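Dear colleague,

Please find below the structure that I promised to hand over. My notes on the contact between its chains follow it.

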Amino acid sequence: MTTTIPQQLKPKDFASDQEVRWCPGCGDYAILKAIQKTLAELEVAPERTVFVSGIGCSSRFPYYMSTYGFHTIHGRAPGIATGLKLANPDLDVWVITGDGDGLSIGGNHLLHVLRRNVDLQIVLFNNEIYGLTKGQVSPTSRIGTKSPTSPQGSIAHPLSPVAVALGAGARFVARAIDIDQKHLIEVLTAAHAHRGASFVEIFQNCPVYNDDVFHDFTDRANAPDTQLHVEHGKPLRYGKDGNRGIRLKPGALDVEAVVIGQNGITEDDILVHDQTNKTLAGLLGTLRPPEFPEVLGVLYNDPIDSYEMQVAALGAAGNDVSLNDLIRKTRTWTVA
Amino acid sequence: MSTTVPKTTDPSGSQQAREIRESVVVRFAGDSGDGMQMTGSQFTIETALAGLDLTTFPDYPAEIRAPVGTTFGVSAFQIHFGSVDVKTAGDEVDVLIAMNPAALKVSLANLSLGGTIVADTGSFSERNLLKAGYDANPLEDDTLAPYQVIPLDITRLTMSAVEGFGLSKKEALRCRNMWALGLMLWMYDRDLTATTAWLTKKFASRETLAQSNNAALIAGHAYGETAELSGNLVGYRVKDADLPPGQYRTITGTEAIVWGLVSGLRSAGLERLVFGSYPITPASPVLHALAKMRELGVYTFQAEDEIAAICSAIGASYGGALGVTSSSGPGIALKTEAIGLAVSVELPLVILNVQRAGPSTGLPTKTEQSDLFQAVYGRNGDTPVAVLAAATSIDCFDVAREAVRLATKYMTPVILLSDGYLANAAEPWLIPDLDALEDWPARQRTDPEGFQPFEHDPETLARPWAVPGTPGLMHRIGGIEKEQGSGHISYDSANHQAMTDLRVAKIANIANDIPEQDVALGDRTGTLALVGWGSTFGPINKAVEQARERGQSVSHIHLRYLNPFPANLASLLDGFEKILVPEMNAGQLVTMLRSRYLVPAKGLNKVTGQPFKISDVASAIDAALE
């Protein structure tokens, strides 16, 4: 197959001719732009790129891309994407899902696509609500969320997408915010570079049914004190003055937020991020404001062979295999 | 390995006179752990190697190891073999090998009056009799008076045959089945060589087991020889079948489907077959068999559930491979929404349903044909798919190929109906030359000029198969209604009408691309037509054959194509005064025929988990002609 890139494609070249139909102000617009920009920067071939989605607001995504796209059924994008990669492992496949699609109706498939380590970028738009069906609680909605199905406030504990992904055995787990385009592109680029299932949770604001639910850490004024952007090999520091950080709690398998210069805390006390440390990733993934910052970036990245590599290692079709020979590779007899 | 069987010689060279029979039904019955399936399979191979026609019926419980000695733990293997055209596994059993009281109790109902019972007296202990629900030992009272009983202490005879090999008691007892097999091989004048070779291979890692099992086999065989002299046993000889010349192998429906799919892949000119499946009785063996076929381009995927299984197949077809999924009724129910997606996005897909008795979990190991409505109608929306059914184990090969042809040519899901009986039933198969079969290359679009993803071919009404990776054909598909041509999301009412009409017409149009319906047996007009589908072929055909020999005006019509029906079916049915539809369900095809053609068809319905008997159908023919 010949791949032709006539000239460097621009982000707008990755946009389809279809009118984008998300609500005004939806975080999905920002994510769409960021992904189009990422693809342009990575110089991917549109004909080798496929977006597969399930059902929900986020899953309309493929219609707005000029690549190949498949808007499937609720929760099932991982299965479709796995089959697609079995048919052609050379394709560059993105799975677009949401908190309802990926963690509720499609939760089972998400677990298994991650444990199999199929080489996909799985991007989960988490807005902690069902948008397309008009505002019911989702599996990531916080306790007390009032919705048409929980008029007195929701009572079930939300699950953590990052904890689910790590628990399922994902080898790449990252987190970003819809409107922080620069950082989101960095995260998506790292996800794309990772061979295997790359799981990216994006905090996505739903201005209609769950507006500003992430306000506590996305508000620009407070962001420095409420967001921690991890980098492999760099200390886990944050804060307006860069003097806040995360350290191991003495005498416990836990972490605490500290301020350098207070209570005898020095720079050396601050943990250094190791993206191959799954235990650390698990700890960082559960931290939430106000006690902690929201930890963003590549929490975990420790590649192993992808599913496709393992499938290929099991052998390939032979060129000169005779069906006539094989079908007779059993007891036969001849009637004269 | 290959053996040439001269058709007229007596391979045993036995001096004793043997009673000549046209066909015989033998049933091996024992506990789930007694190795009856293995014994039956080996007897089948010896029978096939002797050049006879045959049909088998493995009949086993759903539990892997049900409590020992109970009636619900009985596992049986029935084989009907003969010199005549053998079409069923046999209405009545001629010879029953009962390894314990429970096996006797369960199998007695199907034993012909005057039939032979070989019973292992060593297992007829008070405890085992009680477990089987016998108050008294049936070998010692009048219970078995209508039959010819051969009480043999197979347990003791086996133990003494394997003495000296140093086996544990448990291991020694597990050789009982080989003793019984040896006896049966003697009874039907069979050679032991193939079985001895098989035992050597099977127990290659434990020579003692190979030797002891072989000793039991030889002891059983020798017992027949010596006992015959004392007049207790009568040997039978079944004449060779009049089979067309050529190379044969035995094949089950499962194996035939696997080979049909692989052969279809070649004929379609595709490189990969992606088989997404999830374990379920009785469909799993298809997945097992295909998992060993990577060298033929088969990629199997054991998914996390039935839904992921079919979705992987759809994704594979989207990616340009042949996507196939399989299951049985409950699993097909779970796949329903995804079948609708495949219809909506118009991708090729083969869905195999190895039917079992329902509803819900039903009787997992028992056969039934009750998923016809599910296949033809069971989806939300107007969602037509092509539906085919295999009539015999061998027919599974052709029908699987046909499913691949229709799926790829018409860009549609095709449901292929088999059932638990066909899956396991073996027949001798004159192996075709697979290289000489017709090719029908699938077309995948590469030309970007004027490309529209949902522009339909005027002849087939299929849309182009445009595979990701192809430059210039980037497009988006999905389950939302698509605008004809562009494939863009469309909520336009006239467009939805047109697309619905198109999906219906596309499947209906397949009727012009399939053979006209003919009778399987009999005249094309007459008093009574029996219309069947699927695995009821054998008993219907045999019953019609016998009725015609008696001078009754009866014909047999057997449908492979259930959606769409063949174009001439209405006129064919018109030629008969009466229509009788035997089905292993509560009346599904009969309802479809009545609603479609407004014919006064009547049903003959049986859902006992067992195939029809010829006599069931024969009685219904008599009643219909009264």
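How many residue pairs are in polar contact between chain A and chain B, with both residues at pLDDT 80 or more? In this predicted model, the count is 29 residue pairs. As for salt bridges, the count between chain A and chain B is one: the side chain of Arg116(A) meets that of Glu304(B), with an N to O distance of 2.8 Å.

The extent of the interface is as follows. In chain A, 58 residues are in contact with 76 residues of chain B. About 5900 Å² is buried between chain A and chain B, and 61% of this lies on carbon and sulfur atoms. On the side of chain A, the most area is lost to chain B by Tyr68(A), Arg331(A) and Trp333(A), which together account for 17% of what that side buries.

Several elements of chain A give two or more residues to the side that touches chain B, among them strand S2 (68-71), helix H4 (107-116) and strand S12 (332-335). Helix H2 (77-87) of chain A is also one of these elements, and H2(A) provides the largest share, seven residues. By type, the residues on this side of chain A comprise 27 nonpolar, 23 polar and eight charged.

The two chains are also joined by strand pairing. S12(A) pairs with strand S10 (residues 246-252) of chain B in the antiparallel sense, over four bridges. Within this pairing, Gln247(B) in S10(B) stands opposite Thr334(A).

With kind regards

Note on methods:
Residues numbered from 1 in each chain as written. Chains lettered and ligands numbered in written order. Predicted model: local features only at pLDDT ≥ 70, side-chain atom pairs only at ≥ 80, totals over all residues. Heavy atoms only, no water. Contact = heavy atoms within 4.5 Å. Buried area = accessible area lost by both parts, 1.4 Å probe. Salt bridge = Lys/Arg side-chain N within 4 Å of Asp/Glu carboxyl O. Polar contact = N/O pair within 3.5 Å; in protein donor to acceptor, adjacent residues only side chain to side chain. Nonpolar A, V, L, I, M, F, W, Y, C, P; charged D, E, K, R; others polar. Pairing = 2+ DSSP bridges.
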